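Biologist: Please show me the structure, and then I will ask how its terms are applied.

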Amino acid sequence: MQTREIDGFKVSAETFQSGQSRPRPQIKTEALDGFVGERWFDISTDQSFRTVLEAQRVAREVVSAVVSVSKEGEPYPLTY
């Protein structure tokens, strides 16, 4: 898992998979001061992923590309 601190938030690369559904890359933000809490965001992509490792690679790349986080905890950009 890749994690960065940006604008007072911890930004982490995550994946989600439930049952037979394909894995989805996600980003989790968590305020360092604890006031906003954690928020989860799906990464916008037109690809589908067969394995969690493929989805995790995309999530790590997007975390590397995030340049800012709003005061509500929304990372920018959120696309792959």
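Modeller: β3 and β4 form a hairpin with six residues between them, and Gly34 in the turn has a positive phi of about 80 degrees. Strands are DSSP runs (E, at least two residues; helices are H or I, at least four), numbered from the N terminus. This is a predicted model, where local features need pLDDT of at least 70, side-chain atom pairs count only at pLDDT 80 or more, and totals for chains, interfaces and linings use all residues. Residues are numbered from 1 along each chain as its sequence is written, and side-chain values use heavy atoms, with hydrogens and water left out.

Biologist: What makes β3 and β4 (residues 38–42) a pair?

Modeller: Two strands pair if DSSP finds at least two bridges between them; five bridges join β3 to β4, so the antiparallel strands count as paired. In β4, Trp40 is the bridge partner of Lys28.

Biologist: Why is Gln26 called buried?

Modeller: Buried means under 20% relative accessible area, exposed over 50% and partly exposed in between (1.4 Å probe, protein chains only). Gln26 has 8% relative accessibility, so Gln26 counts as buried.

Biologist: What makes the pairing of the side chains of Gln26 and Asp42 a polar contact?

Modeller: A polar contact is a pair of N or O atoms within 3.5 Å; within protein, one must be able to donate a hydrogen and the other to accept it, and residues adjacent in sequence count only if both atoms are side-chain atoms. The side chains of Gln26 and Asp42 make theirs at 2.8 Å, so the distance is within the limit.
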